[in-house]
Amino acid sequence: MKGRNPGGPRFRPALVQSLATLVLLPIFLGLGSWQIQRAAEKQLLLDAESAARHASPVPVESLGPTNVPLHARASGQYGEHRFLLDNRVRNRRPGYEVLAPLRIADDQAVLVNLGWVAQGASRAQLPTVEVPTGTVQVTGLAMTPQPPPFELSDRETFAAGWPKVVQTAVPDTLEKELDYQLRPVVLYPDGSEVAAHKVKVMHEFGPSRHHGYAAQWFGFAVVLMIVYLWHGLHRGRQRRNREWKQ
């Protein structure tokens, strides 16, 4: 009726929009919170790496699996086995990182990352790798490798012969091809190119990048709520105008 005071609620969101907001809002907030958590974990990792570089090395035999870098030392001789960690790129060149078991006891060894080597003319042509002979002392950052994020199978397939091209540096996986155990860490020797590269990668994908991703997800949540509120109020205003004209 014309001249009647407009009534009804001022906020009238569409049902589909309400349902979409109820679904998306927790997802955006959850992803933002997860990125904040990842940033805190990365900061802890960088703090541990900085502390490890200034700490006295501890015997590698005393280390278990570790989520943060530690400064460790090992003494022994390199055995005859070599692993070539696949898909390692330097300056756009494909190659491998060489993992050599350093025998620290008759039944134990620790993997030492001896650095990057370029791939041969083809993947069928594996590079020749030389290692120091005799008893050597190695000090460096000790880290427990993480398994690849996406694996079609939890079982690494090994080709016959040595060296072996592998997709993971996880000691538990690689020791299946050896007749002795591997310590649960990999040593990155002090002053080596591969240690510097490892630290550089950690800093490149540090806390600031996760904070940026968190801001992005929280921004999506804010935009979603603004659109939801604006559209709900707009629909309510349209409804009230229609009632006022009747």
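The model is predicted, so local features need pLDDT of at least 70 and side-chain atom pairs count only at pLDDT 80 or more, while totals for chains, interfaces and linings use all residues. Residues are numbered from 1 along each chain as its sequence is written, and side-chain values use heavy atoms, with hydrogens and water left out. The count of salt bridges (a side-chain nitrogen of Lys or Arg within 4 Å of a carboxyl oxygen of Asp or Glu) comes to seven. Side chains of opposite charge can pair when their charged atoms come close.

**Salt bridges within a helix**

- Arginine 38 and glutamate 41 form a salt bridge with an N to O distance of 2.6 Å.
- Both residues belong to helix H1 (residues 15-54), where a spacing of three residues puts them about one helical turn apart; helices (H or I, at least four residues) and strands (E, at least two) are DSSP runs, numbered from the N terminus.
- Glutamate 41 is partly exposed at 35% relative accessible area, and arginine 38 is partly exposed at 26%; buried means under 20%, exposed over 50%, and partly exposed in between (1.4 Å probe, protein chains only).
- In helix H3, lysine 200 and glutamate 204 are four residues apart, or about one helical turn.
- The side chains of lysine 200 and glutamate 204 meet in a salt bridge at 4.0 Å, N to O.
- Lysine 200 has a relative accessible area of 49% and is partly exposed; glutamate 204, at 47%, is also partly exposed.

- Glutamate 193 pairs with arginine 90 in a salt bridge whose closest N and O atoms are 2.9 Å apart.
- Glutamate 193 lies in helix H3 (residues 193-204) and arginine 90 in strand S3 (residues 83-90), so this pair ties together parts that are 103 residues apart in sequence.
- Arginine 90 is buried at 9% relative accessibility, whereas glutamate 193 is partly exposed at 43%.

**Nonpolar surface patch**

- Phe11, Leu229 and Leu233 make a nonpolar surface patch of about 240 Å².
- Patches consist of residues with over 30% relative accessible area and no salt bridge, with like charges joined within 9 Å and nonpolar side chains (Val, Leu, Ile, Met, Phe, Trp, Tyr) within 5 Å.
- Accessible areas come from the Shrake-Rupley method with a 1.4 Å probe, and for residues only the protein chains shown count as cover.
- Leucine 233 is placed in helix H4 (residues 207-245) and is partly exposed at 40% relative accessibility.
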